[in-house]
Amino acid sequence: MSVCQYRILARMSTEKETLRQRSQPVPGGQQAPPAQPPSGFPPHSQGANPNEHMPPPLHGANLPSQPQNLPQGGYQQQPQYIYPQVPQYVLPQNPSLSQQPPTGYIRYNLNHPVMFCSTPAPKKSILEAYLLLIVLGLFGGHHFYLRRPVWGILYFFSFGLLGAGWLIDIFRLPVLVSRCNNDASQQNPNLAKKKHLDDAYVLWFPGGFLGLHHFYLNNIGLGVLYLFTFGLFGVGWLIDACLMPYHVKKANSNIPDCIEKSAAATCILAVSPAGLLGAHHYYLNRIGFGLLYTFTFGIFGVGYIVDWCRFPILLKRYNKSKEIGHTSHKHLDDAYLLWFPLGFLGFHHFYLNRPVWGLLYMFTFGLLGIGWLIDLCRMWKLVENCNKEIDERVHLTRNNRSVANPNYIQGQYYGNMPTTTVGGHVPVSYGQFGPCPPGYSNPNPGIYPTQQNGELTKTIGYGAVHGMNEQPPPYEAASIPTKGH
């Protein structure tokens with residue numbers, strides 16, 4: 001063994017002895033002073049490798065217990081050195097830490113979903129579009145090329161809309177190519193659903209007789225009606241030539257059709273021959289007038305002509321009723337429309353909830369015409385009285401609900417709610433309090449017993465103000481019979 005190796009073994013043995021001395025407690029509770037390195041060895045800082053000139057031997061290597069071929073220089077034999085057991089490094093059990101990338105690499109969020117950017121569709125060439133238009137335009141080749149498969153199928157089975165659509169596309173093809181490229185670049189799904197005026201007019205001529213433009217604008221009801229009436233016998237087809245911008249604007253708006261009816265659709269149905277069958281009344285949910293028009297051929301044509309002027313009023317009335325809720329008020333124009341020419345049979349009295357007078361007019365032919373003439377002057381009064389009765393009936397219904405439920409709020413529907421009891425009594429009607437057995441009522445109507453702090457007190461009415469003795473007059477909740485005069 002060389003001299004250098006022997007010195008290394010000696011240094012290791014010295015360090016082992018120093019560690020052993022530090023681990024032993026000193027008598028008297030004093031801490032042992034730090035061991036000084038032996039002479040001949042350079043000092044080193046704590047934690048530094050003393051053997052920087054060569055790496056330490058491997059853990060577990062068999063070192064010779066005694067040096068061989070010692071030189072003549074007074075070296076003494078040193079004891080065998082054994083390395084202390086070094087604890088092995090254990091990876092952390094946290095899976096999130098173990099999955100982290102090593103230091104020095106870019107850190108990625110492993111929990112974040114991977115986002116893929118779709119590749120934009122290639123732009124279409126106007127030269128290629130014109131080439132397909134000339135060769136395969138009658139079969140919709142240019143529409144398939146411009147990502148309009150529905151139009152392509154329509155052109156394929158209609159031979160280019162009987163050639164009319166193919167001829168129009170020669171002039172508007174640059175617009176179609178530009179529109180296709182813009183939709184592909186923006187990647188907006190709402191643009192694909194947007195309706196265009198030029199497309200609507202192409203379908204209107206000549207496919208408007210079959211309602212193709214209404215199917216395109218999502219007016220399915222009008223489309224089916226046009227399909228079976230050949231464009232409302234051509235009248236609706238002509239009206240759509242002027243109302244087409246309104247149709248397109250309505251289709252692109254966000255107003256649902258179930259909330260607000262279209263003025264264009266009402267006009268078409270009222271002016272076209274379908275108005276003789278009451279199509280506009282069916283459209284505005286006036287089922288009674290719709291059936292009357294169907295069986296009387298538009299009330300012998302008189303109501304059909306009158307509706308040409310008053311269909312905006314009917315539309316406004318319907319939309320207003322949807323905003324404020326359903327109303328059953330009667331209207332003077334409807335009453336006069338029924339008065340002539342069906343007033344001799346009492347139709348206006350049936351409309352105004354006067355069935356007795358209606359039957360009397362039916363069997364006496366309008367009181368021999370005298371009552372029919374008098375009703376011409378007093379019609380406004382009959383309508384006013386009818387609306388008052390309707391308002392009063394509605395008011396009574398709301399009061400009965402407020403008595404059955406003290407927390408009742410006008411305009412709010414509560415459904416079938418259980419009746420609450422106050423002081424062991426069940427409310428029978430407004431101003432009364434009846435006990436559980438039937439047939440009994442409160443001797444003091446309008447005064448309701450309530451329990452406060454264990455004592456039974458009296459409260460005047462629901463929501464009464466302290467110190468006020470005024471109370472509403474008691475009355476029984478009963479249905480008001482319909483007046484026969």
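The protein folds into 19 helices and 2 strands. This is a predicted model. Of its 485 residues, 31% are buried. Among contacts with a separation of 6 or more, 53% join residues 24 or more positions apart.

**Annotated spans**

An unreviewed UniProt entry places the feature "transmembrane region" at residues 129-146, 152-171, 200-217, 223-243, 290-315, 335-352 and 358-377. Two of these spans can be described from the model. Residues 200-217 are 56% helix and 0% strand. The end C-alpha atoms of that span are 8 Å apart. Residues 335-352 are likewise 56% helix and 0% strand. Their end C-alpha atoms also lie 8 Å apart.

**Two helix pairs**

Two packed helices are described by the angle between their axes and the distance between the axes. The table gives both values for each pair.

| Helix pair | Residues | Angle | Axis distance |
|---|---|---|---|
| H6 and H8 | 164-186 and 197-204 | about 165° | 11 Å |
| H12 and H15 | 263-271 and 302-324 | about 165° | 9 Å |

**H6 with H8**

Helices H6 and H8 pack at about 165°. Angles over 145 degrees count as roughly antiparallel, so H6 and H8 are roughly antiparallel to each other. Their crossing is left-handed. On the H6 side, the contact uses Gly165, Ile168, Arg172, Leu176 and Arg179. On the H8 side, Asp198, Asp199 and Val202 take part. By class, the contact of H6 with H8 holds 3 nonpolar, 1 polar and 4 charged residues.

**H12 with H15**

Helices H12 and H15 also pack at about 165°, with axes 9 Å apart. That angle makes H12 roughly antiparallel to H15. The crossing of H12 and H15 is right-handed. H12 contributes Ala263, Thr266, Cys267, Ala270 and Val271. These meet Tyr304, Asp307, Trp308, Phe311 and Leu315 of H15. The contact of H12 with H15 has 8 nonpolar, 1 polar and 1 charged residues.

**Side by side**

Both pairs are roughly antiparallel: H6 with H8, and H12 with H15. The handedness is left for H6 and H8, but right for H12 and H15. The make-up of the contacts can be set out in the same way. H6 with H8 has 4 charged residues and 3 nonpolar ones, whereas H12 with H15 has 1 charged residue and 8 nonpolar ones.

Conventions. Residues numbered from 1 in each chain as written. Predicted model: local features only at pLDDT ≥ 70, side-chain atom pairs only at ≥ 80, totals over all residues. Heavy atoms only, no water. UniProt positions renumbered as here; feature names shortened; annotations may be inferred. Helix = DSSP H or I, 4+ residues; strand = E, 2+ residues; numbered from the N terminus. Axes fitted to C-alpha atoms, helices over the stretch in contact; angles between N-to-C directions. Parallel < 35°, antiparallel > 145°, perpendicular 65-115°, else oblique. Left-handed = near helix turned anticlockwise from the far one by under 90°. Contact = heavy atoms within 4.5 Å. Nonpolar A, V, L, I, M, F, W, Y, C, P; charged D, E, K, R; others polar. Buried < 20%, exposed > 50% of the residue type's maximum accessible area, 1.4 Å probe, protein only.
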